[in-house]
Amino acid sequence: MFDWEDLRHFSAFITAGSLSAAAKHLGVDHATVARRISSLETSLQLKLVDRRPRAYAVTEQGHRVGEFAEQMLASSFALEHFASADQQAVEGEVVIAAPPALLGSMVARRLGELYRRYPHVQLKLVGSKSRASLARREADVAIALARPTEPTLVASLLGHLDYRLYASAAYLLRPEPRLYIGYDESQAKSPQQLWLLKQAAGRPFALQSNDLRIQAQAAAGGVGIACLPAFMAREHGLEPAGEDDNSMSIEIWLAVHEDVRRTPRIKAVTDFLIEQVKPLLRL
């Protein structure tokens, strides 16, 4: 019989794609992940990975075992969800995942009221630029910039977040040419970056960052023009750098796993997020 922890570590390795990434996700060192994989191979008498000088490559048998692991993880989460569904007290941990900029400006600064209502709730905020998987229990509740497609999720549209061009007042007084601030290659295909590229029309970028908060701070420091949501521009004292009707918008979605959405602590948090975030968006 194999050790469940061995299987969990192997599943994390497949999902993360490397020993180091799996170790970071699990909060262990990469040697522990490697040891767990070896232990699982011994228990199952199967070769799950090819050990290469710079990386582990998953074998065909490894991929098949990974599929079983995914099913078992889903079943274990479903069991946890079932067990907690009848709990009436609003208490326990809730993990909220969202893009870092939204998590800070729209969620974190409003949580005092949530704790006043529900003092026994403990929150964990996960700032993730890629959508965290609710099915794999990486989060309980997610705020996403696109509608989630996983079939086990219940998603609701919170509204639309408008983006415009902004810069510091001092920068706007400077003569042309103007420079721009945008995402780096990791977010090159995001709707905001594609729209900004059209506005820039081939003009140079002074700074690139995958963190929208850094872009806003750079704009406040007079580096250039950035594509930002209005709430972030206000936080940094920025002025519109284009026509009022020259804007783009993205959808903001709230998602929760269907098995836990009625659990008291999850429902309390999702209701609070809808109450607090929805008024900040355009419907």
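Reader: Where do Glu5 and Arg8 lie, and how many residues apart are they?
Author: In this predicted model, both lie in helix 1 (residues 4-16). They are three residues apart, about one turn of the helix.

Reader: Why is the contact of Glu5 and Arg8 called a salt bridge?
Author: The N to O distance is 2.8 Å. The cut-off is within 4 Å, so the pair qualifies.

Reader: What makes Glu5 partly exposed?
Author: Its relative accessible area is 25%. Buried means under 20% and exposed over 50%, so Glu5 falls in between. Arg8, at 30%, is partly exposed because its value also falls in between.

Reader: How do you know that Asp50 and Lys47 form a salt bridge?
Author: Their side chains meet at 3.7 Å, N to O.

Reader: Are Asp50 and Lys47 buried, partly exposed or exposed?
Author: Asp50 has 28% relative accessibility and counts as partly exposed. Lys47 has a relative accessible area of 46% and is partly exposed.

Reader: What separates Glu113 and Arg117 along helix 6?
Author: About one helical turn, because they are four residues apart in helix 6 (residues 111-117). Salt bridges that share partners join Glu113, Arg116, Arg117 and Glu275 into one network.

Reader: Why is the Glu113 and Arg117 pair called a salt bridge?
Author: The closest N and O atoms are 3.1 Å apart. The limit is 4 Å, so this pair counts. The structure holds 13 salt bridges.

Definitions and conventions: Residues numbered from 1 in each chain as written. Predicted model: local features only at pLDDT ≥ 70, side-chain atom pairs only at ≥ 80, totals over all residues. Heavy atoms only, no water. Helix = DSSP H or I, 4+ residues; strand = E, 2+ residues; numbered from the N terminus. Buried < 20%, exposed > 50% of the residue type's maximum accessible area, 1.4 Å probe, protein only.
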